[in-house]
Amino acid sequence: MQIVSPFVLSDTPAGSQDYPNGLYLVPDTNAFLTGMDLFEVETAFHDVIVLQTVLEEVKNRSLPLYHRLITLTKNESKRFYVFFNEFHQETHVKRDAGETINDRNDRAVRKAVQWYNQHITQAVAARSKKQKRIPTVVMITDDRDNLRKANAENIPATTCTSIYL
């Protein structure tokens with residue numbers, strides 16, 4: 001399992017029509033539970049950040065899918081990175097009173113995506129005054145409510161099937 005510091009992502013993430021400067025993908029739990037086969041396709045889904053929150057939730061929901069996900073993090077050509085968001089001060093979130101575990105975990109994913117976008121923008125600016133290519137960190141979800149909340153919070157988000165269409 002690759003353990004990533006927030007500073008050790010691929011320097012040249014793949015781009016798409018909507019994200020020509022490159023993008024890093026942060027799937028939520030539902031994306032892995034419903035689309036693991038898509039993530040395993042060798043030619044698709046590179047530069048993926050797997051959050052600790054998501055990894056643990058996948059493990060709790062489906063041990064076979066968890067093992068498949070761990071295998072993906074070991075595939076160097078896929079560039080899947082594990083980020084321990086629960087132990088990072090800027091990305092850890094506490095569960096609010098009355099909040100379900102699922103809602104808390106969805107909020108943790110959105111917070112991590114938001115932080116990564118701010119962090120990458122600052123890191124690129126600090127590295128070079130000339131560098132204008134700032135990759136976007138995009139949340140991948142098949143959860144309509146999580147997608148709606150991400151859009152309301154101006155967090156880049158899309159579904160598994162629409163990311164590469």
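Cysteine 160 sits in the segment after strand 5 (157-158), where helices (H or I, at least four residues) and strands (E, at least two) are DSSP runs numbered from the N terminus. This is a predicted model, in which local features need pLDDT of at least 70, side-chain atom pairs count only at pLDDT 80 or more, and totals for chains, interfaces and linings use all residues. Residues are numbered from 1 along each chain as its sequence is written, and side-chain values use heavy atoms, with hydrogens and water left out.

With a relative accessible area of 4%, cysteine 160 is buried; buried means under 20% relative accessible area, exposed over 50%, and partly exposed in between (1.4 Å probe, protein chains only). Setting aside residues up to four places away in sequence, cysteine 160 touches Ala31, Leu38, Phe39, Phe45, Ile140, Thr141 and Asp142. Contact here means heavy atoms within 4.5 Å. Take phenylalanine 39 from that set: 121 residues separate it from cysteine 160 along the chain, yet their C-alpha atoms are 9.0 Å apart.

Aspartate 28 is in the loop between strand 1 (23-27) and helix 1, and it's buried, at 0% relative accessible area. Leaving out neighbours within four places in sequence, aspartate 28 has contacts with Val54, Asp106, Val109, Ile140, Thr141, Asp142, Asp143 and Asn146. Then there's valine 50: it is 22 residues from aspartate 28 in sequence, with 8.3 Å between the two C-alpha atoms.

Asparagine 105 belongs to helix 4. Its relative accessibility is 10%, so asparagine 105 counts as buried too. Once neighbours within four places in sequence are set aside, asparagine 105 is in contact with Thr53 and Glu57.

## Salt bridges

Now for the charged pairs. Side chains of opposite charge can pair when their charged atoms come close. The structure holds 9 salt bridges, each defined as a side-chain nitrogen of Lys or Arg within 4 Å of a carboxyl oxygen of Asp or Glu. One of them joins arginine 68 to aspartate 37, at 2.5 Å from N to O. Arginine 68 is in helix 3 (residues 63-74) and aspartate 37 in helix 1 (residues 29-40), so this pair ties together parts that are 31 residues apart in sequence. Arginine 68 is partly exposed, at 27% relative accessibility, while aspartate 37 is exposed, at 57%.

Arginine 79 and aspartate 47 form another salt bridge, at 2.8 Å from N to O. The arginine 79 end is in the loop between helix 3 and strand 3 (80-83) and the aspartate 47 end in the loop between helix 1 and strand 2 (48-51), so the bridge ties together parts that are 32 residues apart in sequence. Here arginine 79 is partly exposed, with 24% relative accessibility, whereas aspartate 47 is buried, with 0%.

A further bridge links arginine 104 and glutamate 86, at 2.7 Å from N to O. Because arginine 104 lies in helix 4 (residues 101-127) and glutamate 86 in the loop between strand 3 and helix 4, the pair ties together parts that are 18 residues apart in sequence. Both arginine 104 and glutamate 86 are buried. As for shared partners, salt bridges join Asp37, Glu40 and Arg68 into one network.

## How the helices pack

The axes of helix 1 and helix 2 (residues 52-61) come within 9 Å and cross at roughly 50°. Axes are lines fitted to C-alpha atoms, for helices over the stretch in contact, and angles run from 0 to 180 degrees between N-to-C directions. Helix 1 and helix 2 are therefore oblique to each other: angles under 35 degrees count as roughly parallel, over 145 as roughly antiparallel, 65 to 115 as roughly perpendicular and the rest as oblique. On the helix 1 side, Thr29, Asn30, Phe32 and Leu33 meet Val54, Glu57, Val58 and Arg61 of helix 2. That contact has 4 nonpolar, 2 polar and 2 charged residues, where Ala, Val, Leu, Ile, Met, Phe, Trp, Tyr, Cys and Pro count as nonpolar, Asp, Glu, Lys and Arg as charged, and the others, Gly among them, as polar.

Helix 2 also packs with helix 3, at an angle of about 140° and with the axes 6 Å apart. Leu55, Val58, Lys59 and Arg61 of helix 2 meet Leu63, Leu65, Tyr66, Leu69 and Ile70 of helix 3. By class, this contact has 7 nonpolar, no polar and 2 charged residues.
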